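Reader: Could you take me through one part of this model, the sheet and what packs on it? I'd be glad of the cut-offs as you go.

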Amino acid sequence: MTETPRPTASTEATHVTESTESTELGLPGRIRACLFDLDGVITKTAVVHAAAWRRAFDEFLRRRDGDAFRPFDPAADYDQYVDGLPRADGVRTFLASRDIHLPEGTPDDPPDAPTVHGLGNRKNEILLDLIRTDGVEAYDGTLRYIERVRAHGLRTAVVSSSANCRDVLRSIDAEHLFDVRIDGVVAAERELPGKPRPDTFLAAAHDLGVEPAEAAVFEDALAGMDAGRAGRFGHVVGLDRVGQADALRAHGADIVVKDLTDLGEWA
């Protein structure tokens, strides 16, 4: 497995004074870059992911256990076992919670294959169908905050386990808001483990030319909080979209807000 290089400070990054950052952006003065998760932070796709996981898992469990199957819970099961994880990890973790173990298969397995990758591909098939049908909606407060961050000279990255990250950003006309993209495709190419490991966030900081202590992580998933804490990032912001503020704090959030317009004095 490829080891993520230790980030080095960039001489090109713009330094922002502590008083300006703290007051207007709600960030410590040492922060020079912001690393944003996609689903649940930038876009309102977390609920779509939960629906896709539910359909995929319920189809599988119904075939396995018949009508007596115990359905996937899109609240408790999603938050605890799959939210923020790479697709195959989500399959493994949820099935392990039910004491079910499937063969790994390969990433090219068809969606009906009885393997970890096959079930994950079925979930992605359902997800893309839901996105095509219903579209993708962005959190306006997040987009405005990112624009404000960039106006203050801070660099930005999107860090997502999704292999569809780039297409989703393009669908909401937001690809230009990020200097760096570390998503499921890039993580696979670089052999980076996903959240709750911090490797994808560390890779984003490295590509932006900042130390982890100079970067803020913005996440809504507990796995993302764990990654922010494990990577020793300078500030970890938890987005509480589903009423789990205490859990976000317990997993490493320095601050928890309902929306990024709650940070600073700029909204």
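Author: The open sheet is built from 6 strands with parallel pairing, in the order β3-β2-β1-β4-β5-β6. Strands here are DSSP runs of E with at least two residues, helices are runs of H or I with at least four residues, and both are numbered from the N terminus. Two strands pair if DSSP finds at least two bridges between them. This is a predicted model, where local features need pLDDT of at least 70 and side-chain atom pairs count only at pLDDT 80 or more, while totals for chains, interfaces and linings use all residues. Residues are numbered from 1 along each chain as its sequence is written, and side-chain values use heavy atoms, with hydrogens and water left out.

At the edges stand β3 (180–182) and β6 (255–257); each has a single partner strand, so one side of each lacks a neighbour in the sheet. On average, neighbouring strands of this sheet are turned by 20° against each other, direction ignored.

Now look at one pair: β4 (residues 215–219) and β5 (residues 235–239) are joined in the parallel sense over 4 bridges. Within this pairing, Ala 216 stands opposite His 235 in β5. Helix α10 (residues 222–230) packs on the sheet and touches both β4 and β5; contact means heavy atoms within 4.5 Å. The direction of α10 makes about 175° with that of β5. Such angles run from 0 to 180 degrees between N-to-C directions, with axes being lines fitted to C-alpha atoms, for helices over the stretch in contact.
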